[in-house]
Amino acid sequence: MTIADTGLLEIPFVEPIMTVKSCLAMGFFHGTRERNTMFGELNPTGGGDEIPLLKKRLLIGRRENCDITLRFPNVSSKHCELYLESGYWYVKDLGSRNGIKVNDRRVTKKRLDPGSRLSVAKHTYVVEYDPVEMGAVGPPPAEEDTGTDIMKSSLLERAGLQRRHIEEEVSADSKPDQKKPNRYNPSDDSSDQIKVPHRPI
């Protein structure tokens with residue numbers, strides 16, 4: 001009995017189609033991988049394959065639809081974004097749970113100079129690229145410090161809810177050379193004993 005006798009159609013075997021991304025990464029378009037349109041690499045510090053930076057804007061996260069997929073439970077579904085601007089790579093946190101670090105400092109947005117260490121959650125990569133090849137001219141552009149040193153200030157201070165210090169509430173006309181009494185003296189009738197009227201004695 002043949003396939004024609006059963007009435008079934010014979011479907012020929014088709015080779016799986018490779019995506020443009022995988023063809024670029026494997027070097028099929030221009031000979032070698034180094035000559036492809038590659039804007040740099042992320043090299044994992046703990047060993048493993050390099051991750052080519054194939055576009056000027058890349059989404060890093062746990063989901064399959066991200067440009068760079070990191071399948072780790074401590075990586076958010078959309079963790080951070082890499083983008084190329086004026087010949088330099090930048091990273092921006094997208095509100096991830098475990099954050100990002102550049103050179104062991106937690107940041108929300110930062111320029112990635114060649115050789116910088118980028119940590120996505122606990123996974124660290126060395127960023128390798130040549131700014132001149134990416135179109136950079138002159139020194140790196142100045143950037144504002146967007147690091148988040150959480151321990152520098154309290155949450156109330158960052159929200160603007162913390163009370164001013166008692167020293168700031170004392171009027172500016174107080175005399176610094178005059179000795180301030182430690183306690184309220186009921187036998188003294190002078191009016192300058194209570195500097196802050198709403199503060200308990």
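Biologist: Why is Arg97 called exposed?

Modeller: In this predicted model, Arg97 has a relative accessible area of 55%. Exposed means over 50%, so Arg97 counts as exposed.

Biologist: Where does Arg97 lie?

Modeller: Arg97 is in the loop that runs between strand E6 (88-93) and strand E7 (100-102).

Biologist: What makes the positive surface patch?

Modeller: Arg62, Arg63, Lys78 and Arg97 form the patch. Lys and Arg count as positive, so the patch is called positive.

Biologist: Why is Asn103 called partly exposed?

Modeller: The relative accessible area of Asn103 is 38%. Buried means under 20% and exposed over 50%, with partly exposed in between, so Asn103 counts as partly exposed.

Biologist: And is Asp104 buried or exposed?

Modeller: Asp104 has a relative accessible area of 55%. The cut-off for exposed is over 50%, therefore Asp104 is exposed.

Biologist: Where are Asn103 and Asp104 found?

Modeller: Asn103 sits in the loop between E7 and strand E8 (105-107). Asp104 is found in the loop between E7 and E8.

Biologist: What is the phi of Asn103, and what is the phi of Asp104?

Modeller: Asn103 has a positive phi of about 55° and is not a glycine. Asp104, not a glycine either, has a positive phi of about 65°.

Biologist: Why point that out?

Modeller: Because most residues other than glycine have a negative phi.

Biologist: How many helices and strands does the protein chain have, and what share of its residues count as buried?

Modeller: The chain has four helices and eleven strands. Of its 201 residues, 28% count as buried.

Methods. Residues numbered from 1 in each chain as written. Predicted model: local features only at pLDDT ≥ 70, side-chain atom pairs only at ≥ 80, totals over all residues. Heavy atoms only, no water. Patch = residues over 30% accessible without salt bridge, like charges linked within 9 Å, V, L, I, M, F, W, Y side chains within 5 Å. Areas by Shrake-Rupley, 256 points an atom, 1.4 Å probe, with all protein chains shown as cover. Salt bridge = Lys/Arg side-chain N within 4 Å of Asp/Glu carboxyl O. Charge placed at Lys NZ, Arg CZ, Asp CG, Glu CD. Helix = DSSP H or I, 4+ residues; strand = E, 2+ residues; numbered from the N terminus. Buried < 20%, exposed > 50% of the residue type's maximum accessible area, 1.4 Å probe, protein only.
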